[in-house]
Amino acid sequence: MRADRQEQELKFTRRALLLSGAGALGFTILGARLYALQVLDSERYRLLSEDNQFNFQLTPPSRGRILDRFGVPIADNRDSYRILLTPEGTSDIDTSLDLLGRHMTISQGRRDLIHRRARQNRSFQPITVANDLDWQTFSTVNLYAPDIPGITPDVEEVRNYPYGEAFAHVVGYVQTPNEDDIANDHPDAERLLRQPGFRVGKNGVEIAREHDLRGAAGALKTEVDAAGRIIREIPDQSVDPSQGMDVVLTLDADIQRFASERLGDESASAVVIDVNTGELIALVSNPSFDPNLFVRGISSADYARYRDNDHRPLYHKSIQGTYPPGSTFKAVVAAAALEAGIIEPSESVRCTGSTRLGNRDFHCWRREGHGRVDLHEALKTSCDIYFYEIAERLGIDRINEMAARFGIGEEFDIGIAGVARGLNPSPAWLMANRNQPWTTGRTYNTGIGQGFTLASPLQLAVMTARVASGRAVQPTLFRNAMTPPAQHMGLSDDTMARVREGLRAVVHEQGGTSFSLGGLGIEGVEMAGKTGTAQVYSITAEEREQGVREQEDLPWRLRDHGLFMCYAPADNPKYACVVVVEHGGGSSAATRPARDILRRTVARDPSSRPGVFASLAPSTTRGGI
Amino acid sequence: MAVFRETVPRDLPGKMMEINWSLVLLLGLLGVAGVAMLYSLAGAEWNPWAVRHALRLGVGFTGMLIVAMFPPRFWIGVAYPIYFGALLLLVLVEFAGVSINGAQRWIDLGPLRLQPSEVMKVALVLALARFYHDLPTEKVTSLSGLIPPMMIIGAPAALIIGQPDLGTTLLLIATGLAVIFMAGLSWWFILIVGVLGLMGVVGIAVVGLENILAEYQMDRVRAFTNPDFDPLGINYHPNQAVITLGSGGMTGKGYLEGTQSKLGFLPEMQTDYIFTALGEEFGFVGGISVLAINALIMAQGVGVAVSCKSPFLRLLTMGLITTYALYVFINIGMVSRLMPVVGVPLPLISYGGTVVLSILVAFGLILGAHIHRNAEPPRGVGLFG
């Protein structure tokens, strides 16, 4: 009995030890598992836990401003006041909106949208109740917001174009990036680009200098809970955004705005250029559009209004539009003739109002003729017969070559997209593109700026600047600390002096085509100029018989383009101005606006005043030349 | 020859003297760790958990010491009534139970919510110990020593698996089998059970696990075998649990400094996943300490079991220690992703009333067994003797 019992106890003890052994094995496994997780792999889990715990919220950089040559903001950022609703902050969204509705209007559509967002978003993500509030409303709401559950007043930075339409084409605008913009941008930028409210340049300088203007996003380290709700911000472990750089243009906001207003509702462009440096002082295309409308997302009605307007407000005419230069081209032909020595300045050509070439009559714009004209008279009166004659003597090749030296057909790089090349025709071009041989008649037409030649207002401005200064200026839009005067073109001083004298006579001598202007209007300062008319439509003999004689009798879109190029002071040129009025009915539509803009420029003399860089580096301030 | 007579203390002071205070201390350490973690999890607040947990521990420890005072004769007497009472509660819970997470587990008794399956964990061991205590030694290895215990285990297991609560069912079966094994089951039977078990595994493989388990249980198995399965759904918590544990590193993030636990990456942190919070704040050092305390508790328990004279106390102690060990192993194994998600709390540390009480009652019985280790209650005294 006792032995049996001892046997039993022994058996129990054995089995207890066996089970304990199993337990010890189990606990060893647990211990090993903990060691693996907490010691061997702990780094990995620590990182995962930090991923859980911390988020980096992108802090978007402030977009750099776009300034005029004196530092006047053309594009800056303004504070936009908005009201946000955080659904988790209120027990009933409608009650909060009702309370808010006592201080501002909230449409039913807006309410529905807020409810829809509240259902889609997580409850701690704020929903915009109202954007772009005026200060009055915002400050009222601000006062009462603490008593309205879930409502937060907020300030957001929005691009602002204080000059509105005046700079719209040059500066462009910013908009919310679309999928293409994001795909074409650097992959690292995607998070920033997808940030609500972030906008990128879509046109003009805004897109051309996007890289400089944008800056780089900063990151705000935040501690978040499992739902993504921010528990706290950790500023000392955050990275500040590097703000976008300011971009300085050569434009003068005052002259740009004046030119824009002076052109009014005409479909027209104006370019003002520093004749020695090529700095563009104004680059205007009218009518224009309000870039501020595009920032928020333009309504389809507004967009349709711009798109369907026959004056094409969305089109940057001053760099994209190309026109036959008309008689303004005669300055180039005159220079070519003098350089080539195919005519003496004193040699006269007899103008009877027309000349015959083969079986075709070529007319002077003055049907009754100019009589005997030399180079000076020919420029002054814009005699076509004289230029037919010297064009024939020159031949198309020499005209083509001289036109190229004055920038016709050259695609200028001013740093923004869309600059037109224009056309400087040659027999080779004609054969290649139209499969036609060059004829002397075509040389005649080219000699007076009609025919195939096409130039943008920008090219005409460069041409004028080169005539005025004799320097091979390149147009620039972006201001450097110092833009040195351009190299001389290499034409003889005598040639240039004679051409300039002819252009001065256009305005200041009796019989000059622009004598009626009465000069620049500044005491002691003379100007030089040249009119031009680009024919759009030939009035037919039948129409003539039906009484259509004048441009005014034609529909707007068939009227001739009016051109005027000018510079001042005539004896020591500083600024050139070109105005092209589409379907202006003749050069007279362009002369007065161009003169007024030039007068404004000379009166202000932008290049003689310290610019935006003066404060940075006084030594770079340039005096007048 | 003077035989040193081993005595059984009969009066209260004598029994108090015999209390295994080192075991009480070890249990107390776990209780303190529980209160400390619950305080931390509430964001250094006593409410809502820490204060109530401390209160329950107080009640539980007192109850434990009271339970320890009762002689084995008493427990032998009430073993079957308690077992059948618990079985009745399990039947009742089918009709009057409160459903939590789709499983009926609670009976609402006004101020007290009773979890009959918790009661059954103790009752089952009591009933089995009583059965073998009465069984003549020679019959232990016979079939008549096997069939009734199987029924004693099978009845509650069938009821609990219907709740459904697979974790508790497996725990009960494992505990019951351990007791049968300890009672001296013939190795032949063990071999047969092993073969049957193997056949069962083959059978499951043939039928397919998905035809046996409920869909939510099946998903847990899928989630366990593949951490990338439904990572934001069913696998979110197991994966976050591992991150929480692992991010603690060697020495932890510091008390009250846990981030995973505080920022809501694991809900119900205060119950089944509390060990991860402890591992996060105290690291490997803290985790291994909890394991070590538990190992010491079990060693103490096994020591008590071996020292007992009566088969009843031996089997009772071993059975309860096995249940306890399974709790600890399943819980820590689950939160460290060693096994699929099974809803088992960590004894004395996890928040939850019934579990604290049932565990401490179990340790009351073990302490009682230690006090009365030399007692030799009569065997075969009848059903309610």
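Two residues are in contact here if their C-beta atoms, placed from the backbone, lie within 7 Å. By that rule, in chain B, B:Glu118, B:Val119, B:Lys121 and B:Val122 of α5(B) meet B:Thr354, B:Val355, B:Ser358, B:Val361 and B:Ala362 of α13(B).

This is a predicted model: local features need pLDDT of at least 70, side-chain atom pairs count only at pLDDT 80 or more, and totals for chains, interfaces and linings use all residues. Residues are numbered from 1 along each chain as its sequence is written, with chains lettered from A and ligands numbered from 1 in the order in which they are written.

Back to that helix pair. The axes (lines fitted to C-alpha atoms, for helices over the stretch in contact) of α5(B) and α13(B) come within 9 Å and cross at roughly 10°. So α5(B) is roughly parallel to α13(B), a label for angles under 35 degrees.

Now for where the chains meet: 38 residues of chain B are in contact with 33 residues of chain A. On the chain B side, α11(B) gives the most, with 11 residues. Here are the elements giving two or more residues to that side; helices are DSSP runs of H or I, at least four residues, numbered from the N terminus.

| Helix of chain B | Residues |
|---|---|
| α7 | 166-183 |
| α10 | 236-247 |
| α11 | 274-307 |
| α12 | 311-335 |

Over in chain A, A:Tyr388 lies in helix α17 (residues 384-394). A:Tyr388 counts as buried because it has 25 C-beta neighbours inside 10 Å, and the cut-off is 20 or more other C-beta atoms within 10 Å. Leaving out residues up to four places away in sequence, A:Tyr388 touches A:Thr355, A:Phe362, A:Tyr444 and A:Gly447. A:Gly447 is 59 residues from A:Tyr388 in sequence, with 5.9 Å from C-alpha to C-alpha.

Technical notes. Buried ≥ 20, exposed ≤ 12 C-beta atoms within 10 Å, placed from the backbone. Axes fitted to C-alpha atoms, helices over the stretch in contact; angles between N-to-C directions. Parallel < 35°, antiparallel > 145°, perpendicular 65-115°, else oblique.
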